[in-house]
Amino acid sequence: MPDLAIGTSDFLLDGRPFRILSGALHYFRVHPDAWSDRIEKARLMGLNTIETYVPWNAHSPRPGVFDTSGMLDLDRFLREVAAAGLYAIVRPGPYICAEWDNGGLPAWLFQEAGAEVRRYEPKFMAAVTEYLRNVLDIVRPLQLDRGGPVLLVQVENEYGAFGNDSTYLKAIAETIRGAGITVPLCTVDQPIDAMLEAGGLDGVLRTGSFGSRVGERLAALRRHQPEGPLMCMEFWDGWFDNWGGPHHTTGVAETAAELDALLAAGASVNIYMFHGGTNFGLTSGANDKGIYQPTVTSYDYDAPLDEAGNPTAKFHAFREVISRYADVPDAVPPQPVAAAPELTARLADPIGLLTAAPGTWSDHEAVPTLDDLDARIAIFRTELTGGGPALLSFGEVRDRVQVFLDGAPVGILERERRERAIMLPHSRGRLELVVEDQGRVNYGPRIGEPKGLIGPVRLGADELTGWSACAIDLERLPQLWDSAGCTPAALVPGPTVWRATFELDDPADLFLRTDAWGKGIAWLNGFNLGRYWSRGPQATLYVPSPVVRSGTNTLVVLELDTLPTTTATFTGAADLGPTEL
């Protein structure tokens with residue numbers, strides 16, 4: 001069987017110098033029926049390896065659960081990599097960052113008192129050991145020395161930017177080895193001395209993450225690793241977007257020149273991203289470096305393959321660079337010959353969420369967090385018995401709350417604006433709050449913080465008590481019209497669920513235009529396409545062709561604010577927004 005070793009200056013594959021030419025492709029951001037297409041296009045660009053993170057929270061939404069169905073079928077993904085004749089790098093974390101909700105760490109980890117994540121702490125280590133063993137049970141038989149594609153496994157992820165618990169890092173490496181992983185291990189950190197020192201382990205290959213100043217970055221890496229191959233585990237060829245910001249792009253010529261410099265230095269590379277894909281559902285994360293900034297649904301990343309898997313100018317520029325250092329296939333993937341189908345459909349049959357919320361109501365003395373309810377969106381309700389105008393205030397809003405009084409909208413408070421109080425026109429009647437989690441922070445000290453309304457809810461100086469709460473069951477929303485007591489009614493203020501149907505002769509990729517709407521979530525044929533927001537920059541949601549049907553298709557939209565138009569428009573191409581504000 002083939003074997004990968006760490007030489008004094010190179011990777012050695014069966015004793016011969018070998019350069020890893022890898023591209024990041026996250027199986028959990030791409031529909032499974034598109035995996036083989038994206039993998040084959042990586043091969044055609046000249047890559048010999050596919051890298052993927054593993055998202056713990058997606059596989060384990062509850063303690064004791066490890067789901068590998070559908071988009072989480074890591075075994076199938078790695079076997080498709082092997083079938084294309086490529087190798088694989090697996091980065092199981094447990095923390096992955098990746099602009100992914102909570103950096104991949106399950107929210108339930110933070111519920112247990114005394115648990116400390118990414119530390120050598122008994123409760124966390126017990127949970128992470130179970131998780132890693134579940135992942136590595138899949139990886140172990142697919143290692144290179146057992147006839148599979150996996151040639152490298154990563155220990156943690158950019159740990160030097162978080163902490164310096166060497167006992168913890170060693171324990172993670174030992175857990176990986178103890179699970180039967182025999183291929184080389186690596187760490188990755190930004191090429192900053194303090195980070196490389198804190199995040200590295202003796203006997204484990206150090207790699208870097210950067211996208212520019214190649215010579216300087218490799219020199220820093222070499223200072224901390226006098227021998228062994230140099231590798232950029234994350235060659236940043238683009239960037240991600242936040243709601244309300246610009247769409248980020250990087251110059252094709254400039255990025256290709258940095259890749260050329262990296263390969264000219266003899267280094268191995270993992271291009272981050274080769275194909276970004278999509279944060280389907282509610283999987284996108286957020287950043288908070290003083291201001292909370294939730295990440296958009298698209299993870300296009302200005303990568304060589306765009307969100308729909310089409311080659312970009314960057315694909316061809318990178319392929320030309322790679323051809324200077326390695327053989328590339330003669331064939332190149334064809335460009336799309338036609339735009340996506342363009343059509344419209346009418347949204348109808350509105351059902352108000354405040355009157356027909358799918359979920360179970362529960363009673364609470366004080367307002368629970370969204371974590372307490374295991375919810376991403378929830379309704380909170382109480383009766384006010386005061387009289388005149390009064391100030392409603394919260395300790396902190398994470399991340400958005402809509403306020404209704406006797407069914408009438410009063411206003412919205414948003415975390416990114418640091419809003420915590422709103423004046424009620426009167427203080428008698430039914431107070432309802434719709435609270436939304438817009439994505440958990442995936443980098444920095446605010447990872448794992450509770451979501452929802454934090455601290456007491458006060459009316460004037462007095463704390464409000466006696467609440468009813470409903471955790472919205474988002475999986476039931478696309479079937480809401482089939483539920484008992486849920487019938488379309490006259491349009492009322494507040495979050496509303498709509499549906500539309502349309503016909504197609506054949507399945508195809510679609511692009512749902514959302515910039516004429518307000519803020520919400522969309523599903524097609526029950527598949528959660530993700531969040532939309534007129535704030536932009538993203539103006540379309542990508543619909544992968546495997547979820548589209550020949551014949552009748554059903555679009556469901558949860559509009560949290562106001563739907564200015566009931567027309568659903570599918571356009572011919574993606575619109576990810578302006579690159580400047």
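**Aromatic rings and their surroundings**

Reply: Happy to: Y159 has a relative accessible area of 1%, so Y159 is buried (buried is under 20%, exposed over 50%, partly exposed in between, with a 1.4 Å probe and protein chains only). This is a predicted model, where local features need pLDDT of at least 70, side-chain atom pairs count only at pLDDT 80 or more, and totals for chains, interfaces and linings use all residues. Residues are numbered from 1 along each chain as its sequence is written, and side-chain values use heavy atoms, leaving out hydrogens and water.

Me: Is F162 buried, exposed or partly exposed?

Reply: The relative accessible area of F162 is 31%. That value makes F162 partly exposed.

Me: How are the rings of Y159 and F162 arranged?

Reply: Rings of Phe, Tyr and Trp (its six-membered ring) pair if their centres lie within 6.5 Å; planes under 30 degrees apart are stacked, over 60 edge-to-face, and the rest tilted. For Y159 and F162 the centres are 5.9 Å apart and the planes at 50 degrees, so the pair is tilted.

Me: Which aromatic cluster includes F162?

Reply: Y159 and F162 both belong to one aromatic cluster. Its members are W56, F66, W108, F124, Y131, Y159, F162 and Y168.

Me: Which charge lies over the face of F162?

Reply: A charge sits over a ring if NZ of Lys or CZ of Arg is within 6 Å of the ring centre and within 35 degrees of the ring normal. Over the face of F162, at 4.4 Å from the ring centre, lies R118.
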